[in-house]
Structure formats: C-alpha cells, structure tokens
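Open the model in a viewer and keep the selection tool at hand. The stops below go one at a time.

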Amino acid sequence: MAHMNMLQAINQALDIAMDSDPRVICFGEDVGGFGGVFRATSHLQEKYGKARCFNTPLVEQGIVGFANGLAAQGHRAVAEIQFADYIYPAFDQIVNESAKFRYRSGNLFNVGGLTIRTPYGGGISGGHYHSQSPEAYFAHTPGLKVVVPRNPHQAKGLLLAAIRDPNPVLFFEPKRLYRASSGEVPEGDYQLPLGEAEVVKEGADITLVAWGAQLPVVEEAAELAERDGISSEVIDLRSILPWDRDCVAESVFKTGRLVISHEAPLTGGFAAEIAAAIQQRCFLYLESPIARVTGLDTPFPLTLEKEYLPDALKVLEAIRASVNF
Amino acid sequence: MTRDTSSVHVPHFMTGDEWQVPTFALLRQDGSLHDGAEAPELTHDKALRIYRAMRFTRVLDERMLAAQRQGRLSFYLQSTGEEATVVGATAALQDDDMIMAQYREQGALAYRGFSIDEFMNQLFGNALDYGKGRQMPIHYGSAEYHYMTISSPLATQIPQAVGYAYGQKLDGEGRCTITFFGEGAASEGDFHAALNMASVHQVPVIFLCRNNGYAISTPVVEQFAADGIAPRAFGYRMHVIRVDGNDLLAVYQATLAARRLAVEENKPVLIEAMTYRLAAHSSSDDPSGYRSQKEEAAWREKDPLARMRHWLERQGWWDDDEERRLEEQLRDEMLAAMKRAERQPPPPLASLVSDVYDEVPAALAEQLAVLEAHVRRYPEEYPRGAAGLDAGAETAAGGQ
C-alpha cells in the first residue's frame, strides 16, 4: 500500500496498463511531454516513447475518431478529452460509432479496446465550461460503459478494468477530487469490477445512492443524519452503464427509503432512471417517495456555485424529509 | 510556429488561386493513350480481374435497382459511373490493406472476391447476413476482405482510417489504410480533423475523394468555393494528386504511387478522383429535379467501363463474345443468388440484443425475455420475430 492522491493513482494505472500490454496507447491534448493539464499522464512519454504516448491536435472529434480506428485495428486506445465539457464535438464519434461498432458489423469488428478518460464535475470555480457532468447523455447509449470512481483506490482499479474491458468505456474522473482525495492504494496491478455497485456504509433507515465526486458529499450527509439518529446505507454506483440494480434494490428492500444525488441537472439526470427502476422493483417496500438531490435545471453557474451544488446540507434535508414523510 | 517566411510591409492577401492542381490522365475514351502517356504495368490476369469487378458492379447495380423497383428490396444505392475510381484504387493496394469506405464502393468488395451470395445476404438482411440484418441494404462489411462495415453517418470513417493506419504503422508490417468519401462528405469536420492528424502523425493512409459532382442534389458549386478538394491538402502539407476518376489506368497508377509514399515513407496522400455519379444518389432519389439530361448524356460519353473495355480490346485481351458471356453469366448468377437470399429466414429474435456488448448484460437479457413472451403471445403480429424465436440462443450469446 502507498498513500497517494487520485491523480497519482490514475497515473499509476496508466503506467501499469502500458507496461503490461504494449498495445496500450495514450493520447490527447497536452498528454505527451507535458503529461496532461492535470498531470495524469506524467512521465508516460519518457517511459514508453512518443509513439505510445503523444499530443494530438486540438480536435476532440478527431481524437475519438482516431481512437475508434486504432481500437478497431486491435490496439488499446486510451484517449483523453481534456474536460468533459469539451466532449461534445466527439459526440457523433462516441454515440454513432464507438457505441455501435460491434452491433452494426454483427461482431465482425469492434472498438472494445477504447477507453475515453475525461475530467468532469464542479466545485472548482469553473463556470459553465469546466464543471459539467454529462454522464446521463452517454448512459442513454447502448454499447457504451460509463464508469465514475470516487477515490484513488477505486480510480486505479476501475481504470485498469476499463482499459482491459472488451467494450468501449467512458471513464469520468471527478477533477475536484484529483488532489483533494487521497488514501491508501495497492501498488501492484489490480482491477475492480465494472457494472457493480459497492455498499460503502451499511445502514438500516434509508439508502443514499451517488457516484464519483458526489460520494464524499452523501457520506458527510450520512454522518450528519447519524446525529439525528438516522442510520443511512451509502451506495457508490461506480458504473452508470450498465448499473447495478440488484445492489440498490436489495438495499431499498431493507430500508424502504431512497435518496439519489448527482451534480448534473435534475431533468433527465441519471437519478430519474434509478428512481423509475427502483419504484418498479420495490414499490410495496417504499415508505416514502424516492427523492433526488441534484443540480438545478440551469447551465452550471460560477459565483453562486455553492448555492447550485447539491451539498451535504441539501442531502441531509432530503434524508429528514424522507424519514419524516 | 509557422515555417520561416519572408515578411512584407504592406498588406498582402492570398487566395490559393496561385496553386493549380492538374488532372492526371492516361486513357482517352477510345482506349488509346494520351500523347506522352505510358500505361502502368498490368498483367493480363490482373487487368481482367479489374474489368470483371467493374462489370460485376455495373450488373449488380442494374439488377438490384430493378429488384428495388419491384418491391423486393427496401433500398439500393448504385455506383454507376464511379467503377474505375473504386476498383482502380483497390487494385493498386495489397489485398490485406484496410478499406474504410463511405457506401458507394461495392466495386472494392467485388474486386477482392466478396461473393454474390455475400452481397445478397446483406441486401436482404437475412439470417446469413454478417451484419445480422441490422443495417440498411449496401452496408456491407467483411473481416476476411479487410473491408470495414459501412456506417451511414458521413465522414466518420475518415479519422478512423487515420487511427487504423497509425496502428498498422506501429505493427510495422507494411500495411496501409485507404478511406473513400465523396466531395460532399469532405465538408464535414471529421475530414479536416483526419487530414490534419494524419499529416501531423505521419500515418500510412490514403484519402480517396470521389468527386462525383453532387451530394444528393447539391452541386459542387454550392458545396465549396475552392478548386475542388485537392487544394485542401496544401493547408495540411500533405501530398496530393488529382486524377481522372473515369480512367482506370490513371487511378491505378496514382494509387500505386500513393501507397508507396504511405507505406515506405509514412506520408499520407490525398487523391481527388474527378468522376460523375451517373445514377441517382440512391433508390429514393430522382436526379431530374436538379440536373439536366444533357449533362448526364455528356458524362455517359465518358463511361469508365467502356473506356477500360476499349483499352483491353486494344491489348487483344477482350472481345464482344467475352463481354456477352460475362454479362449473361453474372445476370444468371445474381438472379439465382437473389432467390436463395430471399428464401433465407430472418435473423433470430435473440440477435436483437447480441453484440451490443461482448456479452449480453443481465438487464438486456430481461428485456429480451419480456419481448419473447410478448411475441409468443401474438405470433401473427410479429411473423419475423416468431419465426426466429427458438433459433437464437446461440446468437444471443454473441459471436458470429
């Protein structure tokens, strides 16, 4: 075990992936000698050479188009989109190409070697264009996997699994936690399962579901609720697509109450999908309406960022409202 | 930083009109060579393989358009008039070089040996279609013949070809990728992204633009203001050649040279083939609304098949009898293959959910189970699904 932050864990995962498989190639804007604007790819070019870790021109649709072709050819393409806010020029390549490559060819061809890494989320005074959480757009696209880690240990194990998964994976990195989150991380090579949620805290009265940067927020809310005598079960979804319905449903069978929280806007956010699926599975077990604590249906703000964000206090209020329903 | 340039001290604007791109041509319509032109080395066998693929494509297009008009097929898309561009370029490659086409390149598959039955199974979307009946007719794909499955969105294959070729360069086995697209698709952002990346990363890729005059109904004068597509290469410092796309020998020789640049020197090449879409855009289109019969007739005089045939006749390699025999044989074989394809069952119901991922996720398996129960309840409402109810366990598990 070693103590490190999330960026170091991601850097180590990329290093291990490139070291253990010569067909792993990392690229994107400023990814090469500079090591990425967040330094996630530090030293990879020095270690593995310019052919395997390099800068691309500033063109997201080109980066993902190139990555699709490289993956179809048989390499493991790990492309970085510098901010999730800038992934939209590549939307067509991801949604119409990556996601459908295997299906449309009847499995003659696939881009299973593709992983797209991209920092997402707010809380860093980034305004509209350095704060978005676009995971729900991609969760609406069969053929993709969508993964979001909550801490360094998770980031390393999930990223290694994503790179080696035989399907295209979007890996959303919570940039607010890049340096803020640190912890013990195994130094060796390990993977954590995609598509499986994790119960990070057991509890009896209410289930709290979140992912990525929102996990520490709901954990804090759970601690605050504990002072009111409310026992919360906290679930990290980890994968948005496919997502672990069984894990959430099992918990709600037990607690009868559910609060889901994400930074993205309310309408059409992924909490809506979870709420619909869980009310269908757990209808007769529910003691109160499923609640969503999310961003507002606005573009991401700047000066009033704290007011916009679904913080621990807002989650706590939702917990109280649910328990006192 | 830009390259070192001399400075000027009064405003000096440039338009690119200083650069004229000539058209490389070898063959006259009567099959003779232009003055000073020299035919590329082409063996008797290879020349006939090329011509048969061109003729195959022409006959396939005629037969399948007719089948579409009879209501036997939902959709079709001809490549009439562009056979020399597509077959000529393909013939200049190694048979295991990758092809990433747009959708009007059936000639490339015909040249590589994709069988009539393979064409028909895709066109009819039956249980033997490699694409499992998931895409509209003409969306062919073949791993065996290194032909990437067609995708309808335009130009997406162009940056993919750059990535594919980059992988080939890393593998170091001397292979390259060619990507075909129309002059309309070259307006897409993906085209520009791809050319720039290929040039920056020195990738063994050939960009072959079929400039056939129209993007559905939009003529080139409403598509771009410059002198065609070729000058765009200058902006990316890429090798470029413009070629008479109805001249098989010229397309062949240009692509042969382009392949050498790509594979031996890692220099990407843009080829602009000047040709004409003699047929409609697709079976859903009627060109009489946007172009004159006179214009079409003028291009029919430049038919690439006739030109190649005249050249073959001058070599003493082809005559009227052989032409008639080949046409009859192709028509008979296609008719029989069409009947075989029509008799095949549809893909099994379970193939709806396979290949979305490498394995069927649990939630999707549940959705299939619900659908199967529904189809069992109302089989007369879903005849295709009902026919394939019990055939699908294997397909649902993935694989080909």
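Start by selecting chain B: 48% of its 400 residues count as buried, where buried means 20 or more other C-beta atoms within 10 Å of the residue's own, exposed 12 or fewer, and partly exposed in between, with C-beta atoms placed from the backbone. This is a predicted model, in which local features need pLDDT of at least 70 and side-chain atom pairs count only at pLDDT 80 or more, while totals for chains, interfaces and linings use all residues. Residues are numbered from 1 along each chain as its sequence is written, and chains are lettered from A and ligands numbered from 1 in the order in which they are written.

Colour chain B by secondary structure to see 14 helices and 8 strands; these are DSSP runs numbered from the N terminus, helices being H or I with at least four residues and strands E with at least two. The radius of gyration of chain B is 23 Å, close to the 21 Å of the globule rule for 400 residues, so chain B is as compact as a globular protein of that length. That radius is taken over C-alpha atoms, and the rule is 2.2 Å times the number of residues to the power 0.38. Along the principal axes, the C-alpha atoms of chain B fill a box of roughly 80 × 60 × 45 Å.

Next, select helix 1 (residues 44–69) and helix 2 (residues 83–91) of chain B, whose axes come within 10 Å and cross at roughly 140°. The axes are lines fitted to C-alpha atoms over the stretch in contact, with angles from 0 to 180 degrees between N-to-C directions. That makes helix 1 of chain B oblique to helix 2 of chain B; under 35 degrees counts as roughly parallel, over 145 as roughly antiparallel, 65 to 115 as roughly perpendicular and the rest as oblique. Show side chains for the contact, including B:Ile50, B:Ala53 and B:Thr57 of helix 1 of chain B and B:Ala84 and B:Val87 of helix 2 of chain B. Here two residues are in contact if their C-beta atoms, placed from the backbone, lie within 7 Å.

Now centre on B:Asp129, in the loop between helix 4 (116–124) and helix 5 (157–171) of chain B. Is B:Asp129 buried or exposed? It counts as buried, because 26 C-beta neighbours lie inside 10 Å. Apart from neighbours within four places in sequence, B:Asp129 is in contact with B:Asn121 and B:Gln122. A distance label from B:Asp129 to B:Phe119, 10 residues apart along the chain, reads 8.6 Å between C-alpha atoms.

Switch to chain A, which has 13 helices and 14 strands. Buried residues make up 60% of its 325 residues. The C-alpha trace of chain A spans about 60 × 45 × 40 Å along its principal axes.

Finish with both chains: 35 residues of chain A are in contact with 38 residues of chain B. On the chain A side, helix 3 (60–73), helix 4 (91–97) and helix 5 (101–104) each supply at least two residues. Helix 3 of chain A gives the largest share, 10 residues.
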